[in-house]
Amino acid sequence: MSETMPAVDSTLPYNDVVPGAVIGQDGETLIVAREKWPELARYLRDKEGYDYLSSVTGVDNLTHPKRKDVERFEVVYHLYSIQRGGGPLVIKVRAPEEDPEVPSVVSIWPGADFQEREIWDLFGIRFPGHPNLRRILLWEGFHGHPLRKDWKEAYYEEEKKPFGSRWPKGDYPREKMRLPWQEERAIWQDNVVYPTDFAPDTWQPPEITYHFGLDLYRELEGLKTDRIIVNMGPQHPSTHGVFRMVIALEGETIVGLEPEMGYLHRNHEKIGERNTYLMNIPYTDRLDYICSMSNNLGYVLAVEKLLGDVEVPERAHYLRVIMAEFTRIVNHMWAIGFLLNDLGAFFTPALYAIEERELILDLFEAASGARMMCNYMRPGGVARDVPEGWLDQARKLVNERLPRAIDELDRYLSENEILLARTKGVGYLSPEDAIAYSTSGPVLRGSGVPYDVRKAEPYSIYDRFDFDVVTEEGGDVYARYMVRIREMRESVRILKQALRDIPEGPVMPPGKQKYSFRVPPGEVYQRIEAPKGELGFYLVSDGSPNPYRYHVRAPSFINLTALGPMCVGYKVADAVAVLGSIDIVLGETDR
Amino acid sequence: MFGKGILRGLGITARHLLETYIDDVKRIPSRYAYDRRLIKQPVEERGIFTIQYPEEKRVLPENFRYIPMLIFDDTTGEDRCTSCGICAKVCPPQCIWILREEDEKGKPIPRPAEFYIDISICMGCGFCAEFCPFDAIKMNHDYEIAVYRRFPDLVLNKDELSVPASYYAQLYPTAWAEEEKRREEERKKKEARAKAAAARKALAAKKKAASQKAEAQDGETS
């Protein structure tokens, strides 16, 4: 790369401050020389105010028809400014195949930590300077890097869906069913590749060095203790799924915490690249399965942005907002209920909280056909109009029942002395750290940072509604709890306005809906304020009916970056409360 | 006062208990008195929010979807499916296998010879029903499909998937009414078109005859 570097081009931005850093421009995207990237990154953070690293992801250009002459790997950064709001600054740093290395920016934006590890894991791009560069979603002995375009998964059938074997000669191979082993019966055969030197009998798992925040270690007074390591999880009721926290303890005080995830990993992104654009919608339901409507919304907005000229009917816009805000209430009810569960108030608050969820899910089911895996939105609108009487039911719920339920929950819990004792001052995250660790949603706003994508970069029709961005100054578990309670009230406010103003009319643009459509070449990053935080979809199209690259910026995955720093110094029982206050869903964390 | 918050919270728990109790007393005879009852929870519901499945079941909305079913005509017994393959192409997990029927020369006949759905792969998204241009595949409401073996019990073939159109009409009354209306309109349009075509043909024939006659007359006069 350095040998082909052209002379410093002063027409490109930032070359006056960091000469030779920006080597090209592709639309709004800046292409940065990799050896100059940390220097430029520091400048962008300190002088230009790009303090929030929203998303880091990789792209493998191997089979992209229009990128034959560029280096094989690129790392894409989406930077935002919390102060200014507005759109992103997109940075691309490229690396050739024989030397896939990009300098780490963890020291500049600590929020890049897990994301760079994910890129190493799935693309095999190394990040020199990263303090703990090891696999994050897959196990240490895994062969290959699955998101590379030349990597094929087990039971690989074809590069792209739809598969040719299904029609018109789709004879299900029934004779295979008589075979004794499940693996042999699998109709796709298997192409599992093991490392060449892999010997299952002698294989030892690689040594894992856990990186603990030792600089945050607070000196304990008096008691002399031994340091012990406790594995919390993968099977633990507080982890809301299969998730492990490796905790180093001095007595009962946490001195280091390392989250281990990936138990639910299914390579959502690889599946997404095999799928057509339409097929991905039901798969997004399975990301954060509590909030499938929000995931649908984020994804279809991204596809619409790529398509360019999609006219979404007014009624569909309103229906989308109504569904998304109902989802927020569902999620926050769930989060609060299960936070209380984690604190030991076993299931009474949780059941009271999810009563309202039950009624909202009934509405989802009547509209979309499923309570949780809604698959309701389509590029261009929504799948079908709501049935008769649905809006009246929703109005009744929003005007009478939900405000009462939220007030009741507030009265029930917010001043409870036990809750206060367990949550106040626990898991403190300063506003600066919250931004640096790229946290989003209630975690960020619970630290007093008034940042909400609905206001900062309005999408859909959120600019028409009157609502406030909720913040709490505490930065602790209680503040995050309070943000959720108050955000539900704001959601009710939006819902009231949306249900008042929703017009009659179609819900899809005119014309027959196509089951497969081509998308013009390009790339987009679309983010929405999902209930758990900033949910982003990064799509690269090469003009075919299948996305070339599909990346999900999952809020519960990136919010976990701050888990370690939040827990250090508190008691081991508080780790459970802190994890509960981040509100993770493993379907999204592990993807 | 320390403990005020706890007491207030306990008051709410007590109220919930009372509401559940009153709700239960209101349902006399007991809600469990009959074998099976369908429950629909109105928005005003207070008290208990659980359903005693399988003694009680929820009322399913019309749009409810579970796994696909294939529809055949009640009277003629013919499949609506023309094996066009759109469902197999749009299926996200690719769980539909269609074998198109062919005559002895290998020319395709628009009818499925076999139709398999591996419902252990099916994700219940409903795309097949949504995009089928012939209303031949719809989503079933029957969710009690547990079996002992994955193979071959969860691979449904055409016979196992087929249901009569009347079953579909009973599950989806609104959608059925709309479809019937549309089919009626299409039939009328087709008839009208046929009529118009016939009329046009007749007119053309008449004109032709007239012109021939005129030509003949011309010929005679010249």
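**Stop 1: a covered strand**

Start by selecting residues 533-541 of chain A: this is strand β14, and it is mostly covered, with 9 of its 9 residues buried (buried means under 20% relative accessible area, exposed over 50%, partly exposed in between, using a 1.4 Å probe and protein chains only). Helices and strands here are DSSP runs (H or I of at least four residues for helices, E of at least two for strands), numbered from the N terminus.

Before moving on, some ground rules. This is a predicted model, where local features need pLDDT of at least 70 and side-chain atom pairs count only at pLDDT 80 or more, while totals for chains, interfaces and linings use all residues. Residues are numbered from 1 along each chain as its sequence is written, chains are lettered from A and ligands numbered from 1 in the order in which they are written, and side-chain values use heavy atoms, leaving out hydrogens and water.

**Stop 2: the neighbours of β14(A)**

The link from β13(A) to β14(A) is a hairpin of 2 residues. Click on A:Arg527 and you'll find A:Gly536 of β14(A) opposite.

**Stop 3: an open sheet**

Next, look for 5 strands of chain A in the order β1-β2-β5-β4-β3, an open sheet with mixed pairing. At its edges sit β1 (22-26) and β3 (52-60) of chain A, each pairing on one side only. Select 73-80 and 89-95 of chain A to see β4 and β5 pair in the antiparallel sense over 7 bridges. A:Phe73 has A:Ala95 in β5(A) as its bridge partner.

**Stop 4: two helices side by side**

Finally, select α14 (477-501) and α17 (572-582) of chain A. Their axes come within 9 Å and cross at roughly 30 degrees (axes are lines fitted to C-alpha atoms, for helices over the stretch in contact, and angles run from 0 to 180 degrees between N-to-C directions). Where do α14(A) and α17(A) meet? Show A:Val477, A:Arg480 and A:Arg484 in α14(A), which meet A:Ala577, A:Val578, A:Ser581 and A:Ile582 in α17(A) (contact means heavy atoms within 4.5 Å).

Terms used
Two strands pair if DSSP finds at least two bridges between them.
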